[in-house]
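Here are my notes on the model. Please read them with the structure open.

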Amino acid sequence: MFLSNVHVMYAIDEEENILIMEQVNADTTFSSEYIHSVAKCLIIEKFEVNDNHEMVLMESWNCSFGAGIETKPPPGATDRLEDGFYVIDDINQVFTDISLHAVPMNEQIIKIDGKQWNVSEAPFVGKNFTISIEKENVLTYWIKKLSSSI
């Protein structure tokens, strides 16, 4: 059992501090929710982890247009209106990492399979950090998990 591998989603800052550490599977879903700095509207980006353990942007929800907010679906995607949101579905854009800068002005929430972190608060605020998925030995994962304050 300790020789097997797991896939772990990490949020790591520029000083290599682990801010989030969650084991993920091919069916894990996660999202980023924030208030757009110019349009002042809620943006929701929904991702899932695919069979190759890559992060895939599946949906984008927004309630305004302009100021860098995507309004045209990429090839193969569809769009619709729902509950006051413009929704782009089936985006299927693969990311190897996602970089964020957390600020206290507008609340930003990261959710992974229902568990959530407010990245507009400590220990995230004011930091640049990157979210990625790493494959590692299960024993290494548990040693890191048990020795961290996460």
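1. Start with H53. At 22% relative accessibility, H53 counts as partly exposed, because the buried class ends under 20%. H53 lies in the loop between β4 and β5 (55–62). Its phi is near 60 degrees, a positive value in a residue other than glycine. This is a predicted model, so please look at the backbone here.

2. D83 also deserves a look. Phi of D83 is near 50 degrees, again positive in a residue other than glycine. D83 sits in the loop between β6 (78–82) and β7 (85–89). With a relative accessible area of 70%, D83 is exposed, because the exposed class begins over 50%.

3. Next, a peptide bond. The bond from A122 to P123 is cis, and its omega is near 5 degrees. P123 belongs to the loop between β11 (115–118) and β12 (128–137). As background, most residues other than glycine have a negative phi, and most peptide bonds are trans.

4. Now the largest pocket. It holds about 350 Å³ of space. Its lining counts 23 residues. Nearest the centre of the pocket lie S32, Y34, L100, H101 and Q108.

5. Which strands each supply at least two residues of that lining? They are β3 (29–35), β4 (42–49), β9 (97–101) and β10 (108–112). β3 gives the most, with five residues.

6. The residues divide into 13 nonpolar, eight polar and two charged.

Conventions:
Residues are numbered from 1 along each chain as its sequence is written. This is a predicted model: local features need pLDDT of at least 70, side-chain atom pairs count only at pLDDT 80 or more; totals for chains, interfaces and linings use all residues. Side-chain values use heavy atoms; hydrogens and water are left out. On a 1 Å grid over the protein atoms alone, a cavity is a set of points where a 1.4 Å probe fits but cannot get out, and a pocket is an open set with protein on both sides within 12 Å along at least five of seven lines; lining residues have an atom within 4 Å of a point. Grid points are joined across faces, edges and corners, and a volume is the space filled by probe spheres set on the points. Helices (H or I, at least four residues) and strands (E, at least two) are DSSP runs, numbered from the N terminus. Ala, Val, Leu, Ile, Met, Phe, Trp, Tyr, Cys and Pro count as nonpolar, Asp, Glu, Lys and Arg as charged, and the others, Gly among them, as polar. Buried means under 20% relative accessible area, exposed over 50%, partly exposed in between (1.4 Å probe, protein chains only).
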